[in-house]
Amino acid sequence: MATLADLTSTDALPSPDEARAAAASELRGGLAWMVFGSGVLALSLRMDRLEAQHINPYTVPGLLPALLGIVMILLGGLLALRSWRRGGRFEGGPRFAMTGEAVRRLALVIGLIVAYTVALLGRGLPFWAGAAIYVTVSILLLQAPQRAAEGRRLSAREIAFALAIGLAAGWIITFVFQDAFLVRLP
Amino acid sequence: MFSGLADFANAWLGFMNPTSIALGLGGALLGIIVGILPGLSATLVIALLTTITIKLPANNAILVLICSYVGALYGGSRTAILLNIPGTAANAASCADGYALAQRGEAGRAIGIATSGAFVGTLFGVLCLAAFTPSLAEVALAFGAFEFFWLALFGVAMSGSIVGDDPIKGWLMGALGLFVAQIGQEGLYAYDRFTFGWDQLAGGISLIPALVGAFGLAEVLTSLADPVEKKLIQVKDSVLPRFREVAQYWRTVIRSGVIGVLTGLLPGVGEDSGAWMSYAAAKAVSKEKHLFGKGSIDGLMAAETGDMASIPGHIIPCLALGIPGSAPSAVLMAAMIIHGIQPGPMMMITHPHFVYEVVAMTSLASVTILIFGLFLVRPLLVILKIRRTVLMPIIFLLCTVGAFATASRLFDVYAMLVIGVGAFFLRRRGYQMAPFVLGLVLGPLLDKSLRRGLVLSDGDLSPFFTRPISMAFAVVTIFTLLLYVPAFKAAVRRATGGTGRVFRSALGRKRSEDTA
């Protein structure tokens, strides 16, 4: 039976190696869901049943969370079983998740946002100043691979451009949210 | 009926002042800009605008949000046509034919068709919104705990089944959303669940920070981790809306409008389903099947009309039942609650005029996209030239402000960060965010309805299955879940034979597209 995706999709079918790698990844995912669901179930069962308050036993706080834990265990088990049947049990297959460069770029992006959120946001620095530092540094670091590929060094013009964008972003957001619409900023 | 018309006229007149018009146009413009930028979704722009409009009067704030919602979905078709990348997930169905037309040098014509389809589709949906919301709310007044339990479960189950390409992953995300909604003080006894003694968690995970993380930060990470730049096709011909083609393809327009609204009514299904189902139906009955995917006007019209008609369709259950039809309408519902309007069956009693105000807002939004479609197509395309390395850090700044502003808590920013990074990795593994969002919204309702229902029946489960409306919801929910059991599915196929192939193919869609 044709599915809706078939109407327009031009994607090629995955190769056996890709399918096996995906199945192995899903198997790990299914097991992780089962562990997580077990944790939710265990914590729900340990929740206070408020017997001292003489509440109706059908209204204990852990009722729905426990059911959700069971659902996660069952669905995680189904996912793991399906992946197992699709060849996910074979270890050592090639992985197609991300290239080394993509991982480095992602680590850089996450590092920048965590550093900004934890170190600059709400630590006494005015919002516009923290925003300007974050945006300027982000632009300069995220464009570094492109400069390296083109064999260029960081120029004063590029620094000035990044700084101008950073200051403008910090000032405009502060003006629009805080001054124009009276919204508190972190 | 005439009182409804009078309410609608009064609501329209209420918005005919310079402030409301400027706010509506501004909301639509921001929505279009976000829609044009690939990856940034309607959910994100509504969440961010919810925070910025928090001090505005309720009517003007909701007007801005609805205009941005309509604008984002409309703007997404630009990128679909010119870059072959859907600006929002809802525009994915427009890619094939829109991009093919653009490659033939007819980009302006494709944009004109998208504009007219979007305008007519939204208006059609608005008519349904006005006609059906009050009646549905009246029916919903008969709902009790048993019915709301099934309605919430039905929403999460449907969303998990239809969104994405793997129902197991969809249901898991729905269960995760329901679980996250249980964190914090529960509603009956103020008992702290899963807080581990941490006071900040007692307030629970707020919806806006969670949505900003799942749809904003996750997209920032996706965009920067995958720096593929595609060449933009130049617009050389006229971009004027093509109402002649609307008249020519009137059957497609009406059919897609009906499908869009009906898919909109299904909880958590997303606007992309409206577009894909309309596209499939148009292809099934079209005389020019061979042109589909190669620049079919019929196909583009169907996709654009279907996704835009689903917007008012999503707002109908949101207003009448308090069950959002999609992720953007979930934020819209949260914004209504922030502004003191509780959507749901009681709304027709507590705020009887509000439904007609929403109808007026949505029709106003459709007019704004027509205006921008006429005058601002080419200038707005300039924003596609901004490099991601410049744009995405600024989007992240907006995410932090959006997460912080509703409650002025830094904890919400940290929650946004954790949910965003988690959503990024889950999305890369094929997990969709729409069921998670619906679970997060419906979690408290499911919890209270289950426990209240059990108290009312003194632990007896039979009322969950024997009350007429409960029984109907239970049958549909269980049937939907069982359809994914191969033996049951084969039995259903044998029983139904070859009929309804188009509808089944639409429901069995295997495509991994995120919601708006």
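1. Chain B has a radius of gyration of 22 Å, taken over C-alpha atoms, which agrees with the value near 24 Å that a compact globule of 516 residues would have, the globule rule being 2.2 Å times the number of residues to the power 0.38. This is a predicted model, in which local features need pLDDT of at least 70, side-chain atom pairs count only at pLDDT 80 or more, and totals for chains, interfaces and linings use all residues. Residues are numbered from 1 along each chain as its sequence is written, while chains are lettered from A and ligands numbered from 1 in the order in which they are written.

2. The C-alpha trace of chain B spans about 70 × 55 × 50 Å along its principal axes, and 62% of the 516 residues are buried, that is, have 20 or more other C-beta atoms within 10 Å of their own, with C-beta atoms placed from the backbone (exposed: 12 or fewer; partly exposed: in between).

3. Chain B holds 25 helices and two strands, these being DSSP runs numbered from the N terminus (helices H or I, at least four residues; strands E, at least two).

4. The contact between the chains takes 57 residues from chain A and 59 residues from chain B, two residues being in contact if their C-beta atoms, placed from the backbone, lie within 7 Å. On the side of chain B that touches chain A, the largest share, 11 residues, comes from α19(B).

5. In chain A, A:Phe161 lies in helix α7 (residues 156-180), and A:Phe161 is partly exposed because 16 other C-beta atoms lie within 10 Å.
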